[in-house]
Amino acid sequence: MSVIFSAESAGLMYPDGTQALIDTSVKVAAGEFVSIVGPSGCGKSTLLRMASGLIAQTTGTITRTGTVQFVFQDSTLLPWRTVRKNVALNLELQKIDQRIINERTSVALALVGLTDSADKLPRQLSGGMKMRTSLARSLVCEPDLYLFDEPFAALDEFSRERLNLELRNMLSTRNAGSLFVTHSIAEAVFLSHRVLVMSPRPGSIVKEFVIPFGNDRDQNLRYTSEFAQVSGEIAQTLRELTP
Amino acid sequence: MKRRFLNAVGPVAVFLAFIALWYLVAYSLHNNFSPASGKPMIIPPPHRLFEDFHGPIRDRIFTALLISTRTAITGLAISAIVGIVIGVAMAQAKWIERSLWPHLIALQVTPIIAIVPLMIRLIGANFTARVTVTVIISIFPIVSNTLFGIQSVHPSLHDLFRLQNSSRWVILRKLQLPAASPAIFTGLRVAAGLAVIGAIVGDFFFTKGDPGLGQLITFFFLNNLSGPMFITALLATALGLMLFICFGVINRIVIGRWHDSVAR
């Protein structure tokens, strides 16, 4: 599999001397889903922002091949645009032909189950529907790399589990890589091929877990002893890292 | 149900109380009515407001209303355009904000009475000077609200546009201005009231040319025409209210569908 994102000994020091990340190495291959877990403030989101190019690393190298889409913690919808127009936004900003925008937007809306709500405004949507709109906005661009910054953190457990499954299904037909930041170990294990654990600030990757489940996953997986065992090992690693 | 009843009855009750207080003051004031003619000298009771409202007095009031309306609307339009442009410019670069902000504050805190004579000396006692005074008094809330509105855009939304390599112009057009529009409209509504104050207060100093409402109030006061004086003052209030309501309606049309402050 070709590597589409790679950070080699990347580090970030803020102008005030705060070392946010140190000697961080991550690779994401095409079609691979990698999650990052770690204590609050360890630099998970900072790593994601570096991966997107929003901020530049101060040491090491970062390599991206292909296009990137970022899914934020909050849905970041424009409240004056309808669901359809929000989904079309990124394509519109890329100055893509309107006919293609319409086609791809309709497909993405159908994929996230929002065709009937296409003409609604964000204020008329539930939290889950807003997040689906945000996902559709990224899906519609068909990027090579998805960056997810705790996209389901604000949702209730039921909506979160359902969207986890939907996200897996949506990405299963694509060959894009994904780097997913979360605080939920269960979410990370359910979604990922690999889970990376970060140390407290200055953050760096201290342990990697290869998730031993195939691509065909459903909600029942969460209740298996293997799932509990992997989740327990990750939780134990995090406990040891947290002072 | 009870809340709806109170919402409907509340404003009417306060208005009736105001009218009652007006009558009370008019009839309890010593020497309010001329012993010879019985005409009100200081405060006319509401039902006697329009006794002198006819012929040349009525024509003068309407002419003055037209002049003040023209001054306020022209000044407000200039304030809106210049204010939004300055607010946008300040939001684009910190150095522009730092350069202009102290001067805008100074302009805002300088009493209008201190500015008007200067304007007359600089520009003359003409329409341009009246409009300039109106702009000076009404521009600040538009600038500050435009700046506040743009600076309040959520950083993630900026990131969203930056990730698509959007130009400053695209970010301004598709993100910053729509997101700032509720704050800009609040600024415009405040400025609408201030523009009328600017047009009328400034007018007190303009002794040449056709009188606006401010000059006319002085004229009626000096000639003991309390009825027309009150009508002129009430028209000034109505002018301010009209502009305020106009912006309320435009606000509802432009952002009412999506913004929580309007959409219910």
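I take a salt bridge to be a side-chain nitrogen of Lys or Arg within 4 Å of a carboxyl oxygen of Asp or Glu. I note that this is a predicted model, in which local features need pLDDT of at least 70 and side-chain atom pairs count only at pLDDT 80 or more, while totals for chains, interfaces and linings use all residues. Residues are numbered from 1 along each chain as its sequence is written, chains are lettered from A in the order in which they are written, and side-chain values use heavy atoms, with hydrogens and water left out.

**Entry 1: the interface**

I counted 2 salt bridges between chain B and chain A. I looked up Lys174(B), which pairs with Glu92(A), the closest N and O atoms being 2.6 Å apart. For contacts (heavy atoms within 4.5 Å), I found 20 residues of chain B against 22 residues of chain A. In chain B, Leu163(B), Gln164(B) and Trp258(B) lose the most area to chain A, together 33% of what that side buries.

**Entry 2: the cavity**

I searched for cavities, each a set of points on a 1 Å grid over the protein atoms alone where a 1.4 Å probe fits but cannot get out. Among the residues that line the largest cavity (an atom within 4 Å of a point), I list Val71(A), Tyr146(A) and Phe148(A). Which domains of chain A give residues to this lining? Domain 1 (3–67 + 143–241) and domain 2 (77–142), with bounds from an automatic or database domain assignment, both do, so the cavity lies between them.

How values were computed. 1 Å grid on protein atoms, 1.4 Å probe; cavity = no way out; pocket = protein on both sides within 12 Å on 5 of 7 lines; lining within 4 Å. Buried area = accessible area lost by both parts, 1.4 Å probe.
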